[in-house]
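This briefing describes how parts of a protein model meet one another. Please read the points below alongside the sequence and the structure.

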Amino acid sequence: MPCGGQGRCGRCAVIVQDGTGVRRRSTLRLTSDDLDAGYALACQTVVEGDAVVTIPPQEKIERRLVTDKTATQVTLPFIYDPVQHQPMHLVPVELDPPDMVDQTDDWSRLKRAVATTSDVSDLTADLPTLRRLGTVLREHNWGATAVVEMDTWDRPNGSHRLVDLLPPGSTDHLWGAAVDIGTTTVSLYLVDLLTGEIAAKAAEYNGQIKRGEDVISRIIYASSRSSRNSDGLGELGSLVVGTINELLERAARRAKISSSEVYKMTVAGNSTMIHLFLGLPPSSIRLEPFVTAINHPPPVRAGELGVNVHPQASVDCLPGVASYVGADISAGVIGSRMCDSSALTLFLDVGTNGEMVLGDCDWLISCACSAGPAFEGAGVRDGMRATVGAIEEVWVNSETYEPTYRVIPNPKLEARGDPTPPRGLCGSGLISLLSEMFITGVIDKGGHPNFDLGSPHIRQGEHGPEYVIAWGDQTEHGRDIVITKVDIDNLVRAKAAIYAGFTVLAQSVGVDLSMVERVLVGGSFGQYINVEKAVQIGLLPDLPWERFIFLGNTALQGALLAVLNREYRQQVSEAAQLMTYLELSADNTFYDAFTSALFLPHTDLTQFPSVAEVLADREGQSVT
Amino acid sequence: MPTIEVPKEKWSGKVREITLGATAADGGTRAKTVTVGGETTLPYLHFEGDIPHPPAIAIEVQDRKPADWSPVLLEAWGDVTEDPAAWAKAAEEAGADVVMLRFSLHDDLSAEYARETLRVVLDATGLPLIVFGPGQAELDNDLLVPVAEEGKGEKLVLGVCEDKNYRTIVAAALAHGHLVDARCPMDVNLSKQLNILISDMNLPLERVVMDPTTGALGYGMEYGYSVMERLRLAALQGDGMTQQPMLVTPGEEAWRAKEARTEEGVPEAWGDWAERAVNWETLTASALVESGADILVLRHPESVKRVRAMIDALMSN
C-alpha cells in the first residue's frame with residue numbers, strides 16, 4: 001500500500017456490491033462516478049455489517065488512476081481539406097517541349113503550365129530554384145511537380161511562389177513541420193500537408209540551456225561581448241537551429257524521408273526564443289520599457305536561418321503579444337480553443353516561463369512570470385525529462401516515510417516482465433513527490449525536512465538536508481536519487497510564481513478564482529501532471545478537479561493548426577491582437593502574491609479548502 | 001460651531017493577549033506578570049477601540065560584560081555589567097517591565113552555564129524574563145533547551161525561532177510551558193508563515209510573540225515600520241495568523257548605527273556623543289511604538305525613561 005493506508009494513493013480501491021454495511025471515512029481519491037459504481041477505498045472503509053466486496057484486478061485500478069492525467073489526443077477541430085485550408089500545393093505540370101517555333105524560355109513555359117492547372121498566373125521563384133529549373137525539366141521529359149506556396153500571412157492575396165520543382169510523380173506527400181521553441185524544451189511535429197496526419201513527433205532539450213536556464217540569462221548572454229564570447233547572439237542562434245535540425249533529422253528518419261522534403265515550417269515560441277532563432281538582438285526585451293524588436297516577423301527562407309528543411313521553404317514565426325507573452329501563448333490560445341467558449345477560462349502555459357491568459361470568447365488578458373525550469377526536470381539535482389527511466393509518480397508512506405514510485409518503463413524490460421531502474425525524476429514525479437512529502441510531514445509547510453521523524457531517507461547531504469527516493473542499488477546509475485532542500489526551494493519558487501501570476505491576473509479584472517469555469521493547462525509537462533498533487537502543493541487553484549483540462553503542449557498544437565490551416569493562422573494573429581497584456585513588474589502586487597505563495601500550499605490556507613481537509617484528516621489520524 | 005463626526009473603523013480582528021511570566025499562583029516564581037496585546041484598533045486611536053495594555057519595555061542584560069558595546073552604554077550601567085544578576089536587578093530599578101537575558105558568544109557556553117546563569121537572574125529579579133541565545137542556530141538550541149528545563153513554569157519567552165530553526169525551541173517551550181519569539185526578516189508573509197509553522201507544532205498562539213525585525217533610524221526603520229503597520233492591519237482585519245503581539249529590538253539596532261556607536265570621524269555638528277546615541281535609540285523606539293510594537297527591548301536607562309514617558313502620554317488619553 002504505497003500511501004500506508006492513508007487513503008491517498010487509491011491503490012486499494014474495491015467495489016462494494018451492497019453498500020449498506022460499510023461506512024466510507026474518506027473518499028478523497030474517488031470521483032463521484034467511482035462512488036456511483038460502488039468503489040470504496042479499503043483502507044478508509046469501516047465494515048459495520050454484511051457487505052459483498054469485489055477486488056478488481058490491479059491493472060484495472062492502475063489504468064483508472066492513469067487516465068485522469070492523460071492528455072487529450074491531438075484532434076483537429078476541423079475536417080482537413082488541403083485544397084481549401086492549405087496554402088502549400090503540389091501542382092503536377094506537363095510542358096510542351098520548346099522547339100524552333102516556340103522559343104519561349106523555360107520559366108515562362110513553366111508559368112504557363114502552372115497557370116493552366118492552378119490559375120496562378122503570376123508565379124515567382126527564388127534564384128536557387130530558377131537555377132535548377134532547366135535541368136529538372138529536361139531530365140524528366142518536360143514533366144514535373146511544382147511545389148507552390150499560394151499565400152502567406154503577410155501576403156494573403158497570393159505570394160504565388162515556386163518553392164521547388166520536383167520530378168513528375170516523385171512524391172505523394174507534401175511535408176510540413178510545426179515547431180515549439182521552449183526555453184527548456186524544443187518540440188516538433190512532422191506533418192503531411194496533404195492529409196493533415198502527423199507522421200512523427202520529437203522533443204529535446206533546447207541546446208541553448210548550457211548558456212543560461214532562463215530567458216533573462218539568454219538575453220544577457222546574447223547581448224554581452226567578451227573575448228571568450230564575441231558573438232553570443234550568433235552562438236545562441238546556431239544552438240537552437242542545431243536542436244531543431246536534430247529533431248528534424250530524428251522525425252524524418254522515423255517517417256523515412258529526408259528533412260529537405262519539408263516545404264513549410266511554422267514556429268511558436270516565446271518572444272526571446274523567436275528573437276534568438278531569427279538572430280534579432282533581444283536586449284530591449286529585458287530593459288524598461290520592455291519592447292521587442294518585432295512581434296510579428298514576416299516569413300523567412302529556411303536557408304537563411306540554416307534550418308535543414310528545404311532551403312526555399314518559408315519559416316513562419318507566429319506572432320507574440322509582448323516581450324513576455326510570446327507566440328507560444330497566441331498559438332496556445334488557439335491550440336487550447338479557449339476563445340471558442342463564453343465560459344470564463346484560465347489558460348496556463350507552465351514552462352520555464354509561466355504564461356497565463358484569463359478570458360473568454362470576448363476578452364483576453366495575459367501576463368507572464370518566470371518560473372524557472374524545475375518542472376521540466378532541469379535545475380533540480382536528479383531532475384530529468386519525462387522519458388524512459390524517469391520517476392513519474394511517488395507515494396510516501398505516512399507511518400514509515402518510505403517512498404514507493406512508478407518509473408516510465410523501458411518497453412523492452414517491460415516485455416520481459418523486468419522493472420525499469422530509475423534514472424531521475426521528471427516534472428510530474430517532482431510534483432507528486434513534493435506533495436507527498438508535504439502531506440506526510442516529511443517536510444513542513446516551509447519545505448524544511450523534519451529530522452525528528454528519524455527516517456533514514458531524511459539525511460544531511462553534501463548540499464544540506466535531502467530526502468532519498470531511491471537507493472543506489474535500485475537505480476540505473478548506481479547513485480542515490482534524492483531531492484535536496486535546494487531543489488525543494490526551486491520547486492516552491494516555481495509554483496509560487498505561477499500561482500501568484502494568475503491570482504494577480506484575476507485580481508486585476510476583479511474576478512474571483514472560484515468563478516473560473518475551466519482551467520486549461522498547457523506546457524510541455526502539462527499532459528502528465530496530477531491535479532490533486534498540483535493543488536496540494538499550491539501550484540493550481542483549489543477548484544473541483546473536473547474543471548481542469550490538460551492539453552499538453554498547446555503552443556505546438558497551435559503551431560500545428562497554423563501550419564495546416566490558413567484560417568487558424570489568421571486566428572493566431574487575431575488572438576495576439578486581442579490580448580491585453582498585464583505587466584507584473586509595474587508594481588509590487590505580484591511580489592506580495594509571490595511571497596505569500598512561497599509556502600505549502602499557501603500562506604492563506606483558506607484558499608485551499610481541500611488541502612486543509614486532507615491536513616486535518618492527517619492530524620486526526622496521527623492523534624488516534 | 002459645526003460638530004465634526006470622527007469616522008470610526010469597526011475592526012473584526014483583535015491582537016492576542018499574551019502574558020509573560022508566571023507568579024507562584026501559576027506555577028512560577030515571578031513577583032508580577034506582564035500582559036501585552038489585546039488591541040482592537042490601530043495604535044493609540046483610543047476613541048475607536050481598545051488598547052488594554054501599554055507596550056512593555058524590556059531591558060537587555062547580557063550573561064557577561066559585552067565586548068562590543070559602546071562605552072556610552074557601559075558607563076551608564078557601571079559595574080553591574082560584570083554580573084548578570086546585579087545587572088538584572090539594576091534593570092528592574094531602571095524601570096523595566098521585563099528583563100531580557102541574552103547569551104553572548106564565547107567559549108564558556110554550556111548547558112550547565114546556561115542553567116546557572118538563568119538561575120541567578122531569576123533569583124535576582126521578580127520580573128518576567130525573555131531569554132535569547134547568541135543567535136547561531138545550533139548554539140541557541142543547545143542553550144535554550146536547558147534554559148527551558150531550568151526555568152520550567154516561569155513562562156519565559158525563548159528566542160529566537162526562525163523558519164530554518166524553530167523546531168527544537170518550540171518543542172522545548174511546549175514541554176516546559178514557555179513562550180517563543182518568532183523572528184522573520186521584515187516581511188508580512190514570512191511572519192505569517194512562521195506563525196503557521198509554529199502553531200502546526202501545536203504550540204498555542206497565546207504563547208507566541210512575533211518579531212518582525214527592525215532597522216535603526218536611518219538604517220531601514222521605515223521599511224520595518226511599514227511591515228509592522230501591515231501586520232497590524234491584517235490582524236485587525238481578522239487574519240488569525242498575524243494577531244501576535246510584536247516584539248522589537250530597537251536598542252540593539254540603534255546601538256549598531258554609526259551615529260550611536262562612535263565618536264571618531266564624525267562631523268562636529270553631530271554634537272554630544274552620549275546625547276546623540278540616546279536620541280538615536282529613543283527615536284527608533286518611539287517610531288516603533290507608533291507602528292504598534294508591544295514589547296520594546298532597550299539598552300540605555302535614559303532611553304527607557306524617555307520611551308516610558310512617551311508611552312504614558314499616549315496611553316493617558
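**Interface of chain A and chain B**

In this predicted model, 15 residues of chain A are in contact (heavy atoms within 4.5 Å) with 13 residues of chain B. The model is predicted, with local features needing pLDDT of at least 70 and side-chain atom pairs pLDDT 80 or more, while totals for chains, interfaces and linings use all residues. Residues are numbered from 1 along each chain as its sequence is written, chains are lettered from A in the order in which they are written, and side-chain values use heavy atoms, without hydrogens and water.

*Buried area*
- About 1200 Å² is buried between chain A and chain B, and carbon and sulfur atoms give 45% of it; buried area is the accessible area (1.4 Å probe) that two parts lose on being put together, summed over both.
- Of the area that chain A buries against chain B, 38% comes from A:His448, A:Phe599 and A:Thr603, more than from any other three residues.

*Salt bridges*
- Two salt bridges (a side-chain nitrogen of Lys or Arg within 4 Å of a carboxyl oxygen of Asp or Glu) are counted between chain A and chain B.
- A salt bridge joins the side chains of A:Asp592 and B:Arg230, at 2.9 Å from N to O.
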